Amino acid sequence: MGFKRYVEIGRVALINYGKDYGKLVVIVDVVDQNRALVDAPDMVRSQLNFKRLTLTDIKIDINRAPRKKTLIEAMEKADVKGKWENSSWGRKLIVQKKRASLNDFDRFKVMLAKIKRGGLVRQELAKLKKESA
Amino acid sequence: MVSYRYHQYQVVGRALPTEGDEHPKIYRMKLWHTNEVRAKSKFWYFLRKLKKVKKSNGQILAINEIFEKNPTKINNYGIWLRYQSRTGYHNMYKEFRDTTLNGAVEQMYTEMASRHRVRSPCIQVIKTATIPAKLCKRESTKQFHNSKIKFPLVFKKVRPPTRKLKTTYKASRPNLFV
């Protein structure tokens, strides 16, 4: 049972508390045991407590405290956004966001789609039962 | 947090000119306090101890706030301080790693309060300096001088993302592993 996700320079983390909740950031330097300097393409470089971060599996290759431009290039090269959106964690978050932003009409459409899908599944099941019986 | 965010001020003052002394010497101090009013008061406190001048026979010529030039760079700050304990006055040297000097000074005040039970009125900052990594003396700051630093977060407490979602009772035990 070893640790797999380390705090290290280049580790991608998700902010889980506070004003920038839900943003993906890169750990760019470590201030001390509780805080890290953290940076993302669309925010000013700032320090955050580790308590506000959850580490992800994604790590990019950068030196300590890189320039903003270098950081953005490294993030593009490692395709952080792509890897995140394809990971199961990232996909779950996208779905959660979508569900939270539905309006009543959208929820009605979802209900119809669910009924249709359920109907198709039951048709298939009935066919399989007839074949095996 | 906002209430005791320490700011750095530069206060310039002198005694009032009298017939005996038309151009009294001007003194400048760099201080840390929460706001300008308190910084001015602190200025007179120190100046009284050094020269024969009080607020009533002196004037403040300028007070400016000093801001951090580069708050995105991490520095090692060494702070020399003089504090009053229950038994007497002592000098101390402490090191802090932070992005801004104000942050380091605030760390110093909270650390003195927690480790030595010294409250902020009993602390006098003698000197502060940005220390290059080679000259740091404390192991606790030197251990972060590693460009390939890597450590796991061992105990991860799960927190609700806003305080509104906080509940006293939980249905299941939390998973603390990363």
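Buried means under 20% relative accessible area, exposed means over 50%, and partly exposed is anything in between (1.4 Å probe, protein chains only). We're working with a predicted model, where local features need pLDDT of at least 70, side-chain atom pairs count only at pLDDT 80 or more, and totals for chains, interfaces and linings use all residues. Residues are numbered from 1 along each chain as its sequence is written, chains are lettered from A and ligands numbered from 1 in the order in which they are written, and side-chain values use heavy atoms, with hydrogens and water left out.

**Exercise 1.** Describe the surroundings of B:Glu68.

*Solution.* 
- Strands are DSSP runs of E, at least two residues, and helices are runs of H or I, at least four, numbered from the N terminus.
- Its relative accessible area is 29%, so it's partly exposed.
- Now list contacts, meaning heavy atoms within 4.5 Å. Skipping neighbours within four places in sequence, B:Glu68 touches B:Asn75, B:Tyr77, B:Thr99, B:Thr100 and B:Leu101.
- Finally, check B:Gln8: it is 60 residues away along the chain, yet the C-alpha atoms of the pair are separated by 9.1 Å.

**Exercise 2.** What do the backbone phi angles of A:Asp79 and B:Arg117 look like, and where do these residues sit?

*Solution.* 
- Most residues other than glycine have a negative phi.
- A:Asp79 isn't a glycine, but its phi is positive at about 55°.
- You'll find A:Asp79 in the loop between α1 (68-78) and α2 (80-86) of chain A, partly exposed at 42% relative accessibility.
- B:Arg117 also has a positive phi, near 60°.
- Its loop lies between α2 (101-116) and β6 (123-131) of chain B, and with a relative accessible area of 48% B:Arg117 is partly exposed.

**Exercise 3.** Sum up the fold of chain A.

*Solution.* 
- Count elements: 4 helices and 6 strands.
- Read along the sequence, they run β-β-β-β-β-β-α-α-α-α.
- Along the principal axes, the C-alpha trace spans about 65 × 40 × 30 Å.
- Buried residues account for 34% of the 133 residues.
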